[in-house]
Amino acid sequence: MANVAVVGSQWGDEGKGKIVDWLSERADVVVRFQGGHNAGHTLVIDGVTYKLSLLPSGVVRPGKLSVIGNGVVVDPWALIAEIDRLKEQGIDVTPERLRIAENAVLILPLHRELDEIRETSNTGTRIGTTKRGIGPAYEDKAGRRALRVMDLVDLDVLEDKVEKMLDHHNALRRGLGKEPVDGKALTASLKEIAPKVLPYMDTVWRLLDEMRRKGNRILFEGAQGTLLDIDHGTYPYVTSSNTVSAQAATGSGMGPAAIQTVLGITKAYTTRVGEGPFPTELFDETGQRLGERGREFGVVTGRKRRCGWFDAVLVRQAIKTSGITDIALTKLDVLDGFDEVKICVAYELDGKRVDYLPASAALQARVTPIYETLEGWQETTFGARSWGELPAQAIKYVRHVEELIEAPVTLLSTSPERDDTILMKDPFED
């Protein structure tokens with residue numbers, strides 16, 4: 001029996017929500033290990049749609065323990081609002097159902113404000129963030145001035161910790177021409193939200209070790225995608241955390257030996273939200289068709305996603321840097337009806353053929369895709385639950401993708417419904 005880490009192999013939005021939900025039925029524990037409420041997961045269960053951003057996908061299933069690990073940054077107000085929204089849909093998120101790491105960093109209103117200031121400024125580089133304070137919170141974590149969930153326990157010293165953080169932030173705000181943050185008001189807000197958050201707090205690394213020793217199946221749920229990793233993504237147009245599978249260990253307090261299978265969720269074409277390089281982006285009717293058929297709008301922001309053909313170069317690179325062992329291919333049905341489909345198999349850079357995306361942003365901006373063209377299929381793949389239901393050309397497409405990315409497709413998703421899935425190998429089987 002294996003524990004499984006699920007990561008995106010592209011720029012996020014690969015359909016992780018459905019796959020994690022599908023896997024959570026087989027798991028006992030579902031763990032979020034990085035990111036914050038900038039991640040959006042849409043789950044469709046028995047015709048009911050749930051939109052999650054911070055909570056693990058397993059939280060909508062009874063009998064499953066959901067865990068927010070230390071690698072996640074937590075906006076306490078957004079957390080409680082999301083819990084309340086689920087309660088309105090009949091999901092009661094109790095402390096028996098959800099645990100939060102005591103050493104997880106808190107996102108504060110000042111982080112959201114700083115994010116907004118930077119993204120709307122006429123100077124500097126716009127990253128295309130969700131403006132939810134994720135990056136500034138991680139900055140404070142690295143700067144060793146952040147507040148953590150455990151700091152909500154000792155309210156007597158909370159004000160002092162807030163003031164020490166504001167020594168940095170108010171100096172920064174003055175430089176940006178903004179009013180300083182009122183430390184007493186911020187402390188009062190934290191004291192007000194603390195009783196709602198603290199019942200969920202736990203020593204997560206110890207809890208997960210106990211679960212593992214009991215033989216419970218653990219599912220580690222990533223957010224965003226490998227190409228948004230702070231180290232291995234298209235820097236600086238990346239998120240502020242590590243999104244590769246190694247973070248599942250660091251961001252939960254478990255060692256890497258606890259993870260046996262890394263499932264890379266991979267869309268059958270490519271999308272991206274926000275700024276940054278995108279070699280296969282299409283600006284024509286084909287790109288528009290992919291976006292319309294795939295309903296490519298962000299769950300969290302509602303922003304329209306940029307669309308393009310499948311980039312085998314980037315996915316293969318993500319497989320190497322994230323240690324992906326198996327691929328879950330999603331949204332194959334969006335390619336139904338095309339006379340031909342294209343796959344990027346390499347790049348041209350300054351007259352030379354290259355088989356990876358360079359780390360330099362300047363070089364990334366100069367690469368152009370080299371395509372292979374495959375015959376399309378007119379029959380539908382939507383809702384297929386076996387290989388025998390797929391058109392022959394669709395099967396050829398999947399098999400060629402496997403060859404190019406050097407990893408097996410062991411799970412194929414053919415619609416947003418969780419049961420419309422073709423399984424070749426159970427990820428939990430070691």
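**Ser53 in its loop.** In this predicted model, Ser53 sits in the loop that runs between strand E4 (48–52) and strand E5 (65–68). The relative accessible area of Ser53 is 12%, so the residue counts as buried, the cut-off being under 20%.

**The side chains of Ser53 and Glu82.** Ser53, a residue of the loop between strands E4 and E5, makes a polar contact through its side chain with the side chain of Glu82. The distance for this pair is 2.9 Å.

**The fold of the protein chain.** Twelve helices and 20 strands make up the secondary structure of the protein chain. Its radius of gyration is 22 Å, close to the 22 Å that the globule rule gives for 430 residues, so the chain is as compact as a globular protein of that length. The C-alpha trace spans about 70 × 50 × 40 Å along its principal axes.

**Burial and contacts in the protein chain.** Of the 430 residues in the chain, 58% are buried, and Ser53 is one of the buried residues. Taking the contacts between residues at least 6 apart in sequence, 76% join residues that are at least 24 apart.

**Surface and charge of the protein chain.** The accessible surface comes to about 17,800 Å². Carbon and sulfur atoms account for 48% of this surface. The chain carries 63 negative and 54 positive side chains. The centres of these two sets lie 2 Å apart.

Key:
Residues numbered from 1 in each chain as written. Predicted model: local features only at pLDDT ≥ 70, side-chain atom pairs only at ≥ 80, totals over all residues. Heavy atoms only, no water. Helix = DSSP H or I, 4+ residues; strand = E, 2+ residues; numbered from the N terminus. Rg over C-alpha atoms; globule rule 2.2 N^0.38 Å. Buried < 20%, exposed > 50% of the residue type's maximum accessible area, 1.4 Å probe, protein only. Contact = heavy atoms within 4.5 Å. Areas by Shrake-Rupley, 256 points an atom, 1.4 Å probe, with all protein chains shown as cover. Lys, Arg positive; Asp, Glu negative; His and termini not counted. Charge placed at Lys NZ, Arg CZ, Asp CG, Glu CD. Polar contact = N/O pair within 3.5 Å; in protein donor to acceptor, adjacent residues only side chain to side chain.
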